[in-house]
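Please have the sequence and the three-dimensional view at hand.

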Amino acid sequence: MKTNRIRQNFLPLLTALIWGTAFVAQSVGAGYLGPFAFNAARAIIAFSFLLALCALLRLARRGKQAPRPASYWRDLAAGALCCGTALSVASYFQQKGLEDTTAGKAGFITALYIVLVPIFGIFLKKKAPKIIWLGVALAVVGLYFLCINEELTVTGGDLYVLLCAVCFAVQILAVDHFTQKVEGVELSCGQFLVMSVLSAAGMLAWEMPSWEGLRLCLWPVLYVGVFSSGVAYTLQILAQKDSNPTVVSLIMSLESVFATIAGAILLHDRMSGREYLGCGLMLAAVILTQLPEPKKRAAAPGGKVEASR
């Protein structure tokens, strides 16, 4: 039980840290490569890294792993296609948005998936505690101050990142579904194979990348490819196994805090007081939703009141 608790809390937090700092790398990369080209490069690196990891795990488990059911590879293919497609679209919108907004602001707008996961989860019969809905309301107010300016308009970059949050919510729920059927690292490897193909197709159809552009942002691509993609998305899958996807997504949304800090330190990004207020409200929403619910108390025989278990 304690091990599961650590896995369900520490792994998403580590994921959030990696994703948050990756916004800086993505922001730098946006100045040299188009979103399809950047995502194709990061996905190919992630797929190669995870393919090697899968091979090592298979060698380590040789003779120890139980036979897999006949439907395993079909489920893995379906999971890779669903998760990889959602991830590809989300990553495109996020990278496109970073061309016109700061790393910190993009991090907080991406965190909108903390609102969307429980809402979408209703249609999948996944109930969320009441305290989470209070956090959702706070997050909505925070996003208003963060994204909507005094003229009640949203910038183009902000809109792209908002669309990315919708797709990430879908990807989180897809991961929650397929991690019950297939091994996490193999699912992560499969989703990046799909992302590699889709992003490369988009690159060839709509962009004209150069080798010089790739050379100039090689280190950001490597960081995002190995750590943000290969490591962090695998940690996400491992964290979500047998966990509440809403709670895990809330912890992972702390990437927005890390993105703001990293953007301010490394890129010297600055936001207005209104935008910082929005960030503060969203951070409060995340913290609130991590608090345990008050224990219900029920009347016991003889008029006594006892805590329910």
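Helix α12 (residues 255-266) has twelve residues and spans 16 Å from its first C-alpha to its last, close to the 16 Å expected at 1.5 Å a residue. That expected span is 1.5 Å times one less than the number of residues. Helices here are DSSP runs of H or I with at least four residues, numbered from the N terminus. The model is predicted: local features need pLDDT of at least 70 and side-chain atom pairs count only at pLDDT 80 or more, while totals for chains, interfaces and linings use all residues. Residues are numbered from 1 along each chain as its sequence is written, and side-chain values use heavy atoms, with hydrogens and water left out.

The buried residues of α12 are Glu255, Ser256, Val257, Ala259, Thr260, Ala262 and Gly263. Buried denotes under 20% relative accessible area, exposed over 50%, and partly exposed the range in between (1.4 Å probe, protein chains only). Just after α12, His268 adopts a positive phi of about 60°.

**Salt bridges**

Side chains of opposite charge can pair when their charged atoms come close. The structure contains four salt bridges, each defined as a side-chain nitrogen of Lys or Arg within 4 Å of a carboxyl oxygen of Asp or Glu. The table includes three of them.

| Pair | N to O distance |
|---|---|
| Arg68 and Glu186 | 3.0 Å |
| Asp158 and Lys105 | 3.1 Å |
| Arg215 and Glu212 | 2.6 Å |

Asp158 belongs to helix α7 (residues 156-178) and Lys105 to helix α4 (residues 103-110), so this pair ties together parts 53 residues apart in sequence. Asp158 is buried at 0% relative accessibility, and Lys105 is buried at 10%.

Arg68, in the loop between α2 and α3, and Glu186, in helix α8 (residues 184-206), are 118 residues apart. Arg68 is partly exposed at 24% relative accessibility, whereas Glu186 is buried at 10%.

Arg215 and Glu212 are three residues apart in helix α9 (residues 211-216), and are therefore separated by about one helical turn. Arg215 is exposed at 52%, and Glu212 is partly exposed at 42%.

**Aromatic rings**

There are eight aromatic pairs. Rings of Phe, Tyr and Trp (its six-membered ring) pair if their centres lie within 6.5 Å; planes under 30 degrees apart count as stacked, over 60 as edge-to-face and the rest as tilted. Phe36 and Tyr92 are stacked because their ring centres are 4.5 Å apart and their planes lie at 25°. Ring pairs join Phe36, Tyr92, Phe93, Tyr160 and Trp206 into a cluster.

Conventions
Helix = DSSP H or I, 4+ residues; strand = E, 2+ residues; numbered from the N terminus.
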